[in-house]
Amino acid sequence: MTMFELPPVPRPSEQARATAQERLDGLVKPLGALGRLEEIAAWLCAAHGQVPPRPLDDVRVVIFAGDHGVASTSAVSAYPREITAAMVRVFLAGVSGVSVLAEQVGARVRVLDIAVDAELADVAPEITAHKVRRGSGSIDVADALESAETLRALAAGRAVADEEIEAGADLLIPGDMGIGNTTVAAALVAAMLGLPADEVVGTGTGVDEAGRAHKVAVVSTALERAGGQAGDPVALLTALGSACAAATTGFLAQAAVRGVPVLLDGVYSGAAALLAAELAPGAQDWWLAGHRSTEPSQAYALKALGLDPILDLGLRLGEGSGAVQAVPVLRSARAVLAGMGSLADLDLG
Ligand SMILES: Cc1cc2ncn([C@H]3O[C@H](COP(=O)(O)O)[C@@H](O)[C@H]3O)c2cc1C
Ligand SMILES: O=C(O)c1cccnc1
C-alpha cells in the first residue's frame with residue numbers, strides 16, 4: 001500500500017439531520033410529500049450542522065484539464081486529442097457548455113491545466129500553476145504516471161480545494177476536460193470494483209459499436225497489464241489513471257476533510273470519487289451525485305458509493321455541466337426548510 005496520509009474526514013451532524021427531519025415532518029404539507037427534496041434538505045443540515053442550512057451562494061466549478069496517452073496511441077474517442085487544449089481556451093472565453101450552464105445558477109468556473117499536452121502558460125499563466133506534466137501515459141502499454149507525479153497531482157487537487165474553500169466556496173463541483181478520459185474512468189472503476197471491461201466501457205463522445213469494442217480491448221489490456229492493485233488507490237492512479245484523475249481525487253477527498261459539500265458530475269468525477277472514498281473513508285458523506293451520466297462506469301461507481309443521482313437528463317458532456325444543473329434543486333431544498341409554514345399553524349376555521 002502506497003503511503004498517502006489524509007487527515008480524518010469529519011462526520012456530518014446526525015443531530016442536525018434529525019432536527020431537520022422533525023422540522024420537515026411538521027411543515028404545511030402531507031408527511032413526506034416533498035420526496036427527495038426533503039432528504040436533500042436534511043443532508044444539507046447535517047453538512048452545515050444547523051437547521052435551516054446556510055444559503056449556497058458561492059458555488060465553484062473547478063475543471064481539471066489534461067490529456068490521456070490512450071487518445072494518442074489508440075482510437076478510443078470520436079474526437080482528436082487536440083480538442084483538450086482547444087477547449088481550455090473555450091473555458092477561458094466563457095462559452096463552453098458548463099460556462100453557460102454555470103452562469104444560469106451564478107456558479108464560477110475555474111479551469112486548470114493539470115496535464116494538457118500543449119504549452120498554455122502564454123495563454124493564461126495562472127491556469128498552469130498546478131501543472132504536473134504534458135499528457136499522461138497510455139495505460140494499455142505503460143503506467144499513466146510516475147508515483148511521485150501521482151502524489152504531486154493528489155496534492156495539487158487538495159491545494160485547489162483549500163484555495164476555493166478559503167475563498168468562500170459553499171459548494172464545490174469537479175469538472176473534467178480530456179479527450180480519452182472515459183476510457184481511463186472505465187479502467188479505474190473496473191479495477192476498483194473487479195468488473196470486466198465490457199461492463200463499464202461506454203461510447204464516450206460517441207464512438208460507434210466497433211469503437212466501443214476497441215475501447216473494451218484497450219481497457220482489458222490495461223487491466224491485465226496493471227493487474228491486482230485494487231486495494232491501493234495511489235498505485236491504481238499511477239498505473240491506470242492520469243494526472244487529472246489524481247488531482248480530482250485529491251480535490252474530492254480534501255473537500256470532505258474540510259467538511260465542504262460537493263456535487264459530483266459525470267463519469268470522471270464518479271471514478272475519482274471511488275478512489276477518494278478509499279483514501280478518505282467517510283468522504284462520500286459529503287458528496288451528492290448531481291446527475292446520471294449515460295456512461296455505465298458512472299452508475300457502478302455511484303452504486304458502490306451509495307449515491308443516487310439527482311437529475312437524469314441523458315447528459316454525456318462532463319465539464320461539471322450536469323452537476324451545475326442540480327444546484328437549484330439544493331437551493332430549493334434549503335428554501336423549503338427556511339420558508340415554509342408549519343402544519344401546526346394551519347387555520348382550520
Ligand atoms: C468539443 C468537446 C467538448 C467536451 N467537453 C467535455 N468533453 C468530454 O468528452 C471527453 C471524453 O470523451 P472520450 O473519452 O470519448 O474522449 C472529455 O474531454 C470530456 O470532458 C468534451 C468533448 C468534446 C469533443
Ligand atoms: O457523462 C460524462 O461525464 C461524459 C460522457 C461522455 C464524455 N465525457 C463525459
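The model shown here is predicted. Which residues of H2 are buried? They are Glu-38, Ile-40, Ala-41, Ala-42, Trp-43, Leu-44, Cys-45, Ala-46, Ala-47 and His-48. That makes ten of the 14 residues of H2, so the helix is largely enclosed by the rest of the structure. The cut-off behind this is a count: a residue is buried if 20 or more other C-beta atoms lie within 10 Å of its own.

H2 has 14 residues and reaches 21 Å from its first C-alpha to its last. That is close to the 20 Å expected at 1.5 Å a residue. After the helix comes Gly-49. The phi of Gly-49 is positive, near 65 degrees.

Now take H2 together with its partner H1. Two packed helices are described by the angle between their axes and the distance between the axes. Helix H1 covers residues 14-25, and helix H2 covers residues 35-48. They pack at an angle of about 145 degrees, and their axes are 7 Å apart. The crossing of the two is right-handed. H1 brings Glu-14, Ala-16, Arg-17, Ala-20, Gln-21 and Leu-24 to the contact. H2 brings Glu-38, Ala-41, Ala-42, Cys-45 and Ala-46. By class, seven of these residues are nonpolar, one is polar and three are charged.

Step back to the segment before H1. Pro-12 sits there. Is Pro-12 buried or exposed? Pro-12 is buried, because 22 other C-beta atoms lie within 10 Å. Leaving aside neighbours within four places in sequence, Pro-12 is in contact with Arg-17, Ala-46, Ala-47 and Asp-285. Pro-12 and His-48 are 36 residues apart in sequence, but their C-alpha atoms are 7.6 Å apart in space.

Next, the domains. The domain assignment gives domain 1 as 14-54 + 334-345 and domain 2 as 59-327. How many Å separate the centres of domain 1 and domain 2? Taken over C-alpha atoms, the separation is 33 Å.

Move on to the loop between helix H6 (147-166) and strand E3 (171-177). Ala-169 lies in this loop. Ala-169 counts as buried because it has 24 C-beta neighbours inside 10 Å. Beyond its neighbours within four places in sequence, Ala-169 is in contact with Asp-58, Arg-60, Glu-164 and Val-260. Val-88 is 81 residues from Ala-169 along the chain, and 22 Å separate their C-alpha atoms.

Helix H11 comes next in this tour. H11 runs over residues 243-257. At 1.5 Å a residue, its 15 residues should span 21 Å. Its end C-alpha atoms are 21 Å apart, which agrees. Just after H11, Gly-259 takes a positive phi of about 70 degrees.

Helix H12 (residues 267-279) packs with helix H13 (residues 296-305) at an angle of about 35 degrees. Their axes are 8 Å apart. H12 passes H13 in a left-handed crossing. On the H12 side, the contact is made by Val-267, Gly-270, Ala-271, Ala-273, Leu-274 and Ala-277. On the H13 side, Ser-297, Gln-298, Ala-301, Leu-302, Ala-304 and Leu-305 take part. By class, this contact has nine nonpolar, three polar and no charged residues.

How values were computed: Residues numbered from 1 in each chain as written. Chains lettered and ligands numbered in written order. Predicted model: local features only at pLDDT ≥ 70, side-chain atom pairs only at ≥ 80, totals over all residues. Axes fitted to C-alpha atoms, helices over the stretch in contact; angles between N-to-C directions. Helix = DSSP H or I, 4+ residues; strand = E, 2+ residues; numbered from the N terminus. Left-handed = near helix turned anticlockwise from the far one by under 90°. Contact = placed C-beta atoms within 7 Å. Nonpolar A, V, L, I, M, F, W, Y, C, P; charged D, E, K, R; others polar. Domains from an automatic or database assignment. Expected span 1.5 Å × (residues − 1). Buried ≥ 20, exposed ≤ 12 C-beta atoms within 10 Å, placed from the backbone.
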